[in-house]
Amino acid sequence: MTTIEGKAIAVRHARIDEEAAGQRIDNYLLRIAKGVPKSHVYRILRSGEVRVNGRRVQQTYRLAEGDEVRIPPIRVAEPTRSAPAPAGKPLPVVYEDDALLVIDKPSGKAVHGGSGVSYGVIEQLRAQRPEVRLLELAHRLDRETSGLLIVAKKRSALTALHDMLREGRVEKRYLTLVPGRWANPLQHVKAPLYKYLTAEGERRVRVSDEGKPAHSVMRLVKRWGGYSLLEVELKTGRTHQIRVHLAHLGFPLCGDDKYGDFALNKRLDGEGLKRMFLHAARLSFRHPLTGEALAFESPLPDDLQSFIERLDAAEKKNG
C-alpha cells in the first residue's frame, strides 16, 4: 500500500494478508499512517469513516485474513530520516522456525530504539534479515538484562504470544543476585506496581495500592555469607517487576542503578560486577501456532558466572 508523504490521499481499500491478520484495527491504522495523531485515528474509527467489509467496527476489532478495509483520506506527516541500523554481529539464536525465533540477548543492548538509543535488537535483526517480512518483539527485557527473548515472524504468532503472555501461559524464570541472606526456600510476592515519572521525566515503578496486580515467585538457589542467588518466576509481566518487588522486600538487585544500593553497587563494580545481575535464564511455552511444548535455557553469561565463582572462592577461603 503506498502513501504520499505530506499530502492527503484518496479513499483506499486494503485487503488484509496473513502478516496483518490478527492485528487490532486501531494498531493497524496507526502503523500504516505514521505521523497521524492517535486522536485522529480514533476519531475516524468512531465516526464510521473506516469500514471493514463494508461495516463499522470497534477499535478493538481484530483483522482477519481477506478482510477489506476502507481507509478514508489521511494526511500523512513527512517522516524523519534516520540512518539505518547497522547489521552488526549476528545475535545468538537459540531457536527458530517460520513463526518465531528465540534469541539470547547480550547485556547492554536495548531491545528497540528510543530514549536516546538509535537502534536495538529488533532494528538489528531487521537489518540482518531483510528477507523476513515481519519481525516484532513478543515481550521486552531491560537494556542491562541478558537472556532469552522471543521475536515473532508472523502476525498470527505475535497475536497469540501476546495473549499467552497476558494470560500467564509463558513461563519466564530469571536468575538474580541480592545482598543479604535470603531465608525462605520458596516465597510468593504479591504486591501491586504503579508506574510514574520522576521530576526529571524518568520512568519509575513503586509498590502502591494504586498500581496493577503483580505476582513473583522467589526460589533460593544458593547462599553465601553476604549474598543470595535467587530464581524468580514471573506470574505477571509488569515493568521492572523483579527489581521493585525485591527492593520493596529489602533485597535490591546487585548492580541495579535505579532501585539498588548505590554504595554497594560502587563497591561491587570494583570487585568485578559491572552491571545489574539479572538474567532471563528459562522460557517455556506452547508454540503459538502448532501447540508444541517448547522449553529453552540460557546459562549465566561469563561476567555473571565469574562473579559467582569469585563468591565461591571467597567463601572457601574464609572457611
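The model is predicted, so local features need pLDDT of at least 70 and side-chain atom pairs count only at pLDDT 80 or more, while totals for chains, interfaces and linings use all residues. Residues are numbered from 1 along each chain as its sequence is written, and side-chain values use heavy atoms, with hydrogens and water left out. The structure holds 25 salt bridges, where a salt bridge is a side-chain nitrogen of Lys or Arg within 4 Å of a carboxyl oxygen of Asp or Glu.

**Salt bridges**

- Side chains of opposite charge can pair when their charged atoms come close.
- D26 is buried, at 1% relative accessible area, whereas R24 is partly exposed at 23%. For these labels, buried means under 20% relative accessible area, exposed means over 50%, and partly exposed is in between (1.4 Å probe, protein chains only).
- R267 also bridges to E271, with 3.4 Å from N to O. Both ends get the partly exposed label: R267 has a relative accessible area of 45%, and E271 comes in at 25%.
- E297 pairs with R282, and their closest N and O atoms are 3.7 Å apart. This pair links distant parts of the chain, with E297 in strand 15 (residues 293-297) and R282 in strand 14 (residues 278-286), 15 residues apart. E297 is exposed at 59% relative accessibility, while R282 is partly exposed at 30%.

- E171 lies in strand 8 (residues 171-179). Its relative accessibility is 32%, which counts as partly exposed.
- E171 and A295 are 124 residues apart in sequence, yet 9.1 Å apart in space, C-alpha to C-alpha.

- Helices (H or I, at least four residues) and strands (E, at least two) are DSSP runs, numbered from the N terminus.
- In helix 2 (residues 38-46), the buried residues include V41, I44 and L45. Looking down the axis, the buried residues of helix 2 fall within an arc of 105°, so they line one face of the helix. That arc is taken over the directions from the helix axis to the C-beta atoms.
- Helix 5 is mostly covered, with six of its eight residues buried. They are Q241, I242, R243, V244, H245 and L246.
- Just after helix 5, G250 has a positive phi of about 90°.

**Positive surface patch**

- R140, K195, R203, K212, R238 and K258 gather in a patch of positive charge on the surface.
- Patch members have over 30% relative accessible area and no salt bridge; like charges are joined within 9 Å, and nonpolar side chains (Val, Leu, Ile, Met, Phe, Trp, Tyr) within 5 Å. Lys and Arg count as positive, Asp and Glu as negative, and His and the chain ends are not counted.
- R238 sits in the loop between strand 13 (227-234) and helix 5 (241-248). R238 is partly exposed, with a relative accessible area of 30%.

How values were computed: Areas by Shrake-Rupley, 256 points an atom, 1.4 Å probe, with all protein chains shown as cover. Charge placed at Lys NZ, Arg CZ, Asp CG, Glu CD.
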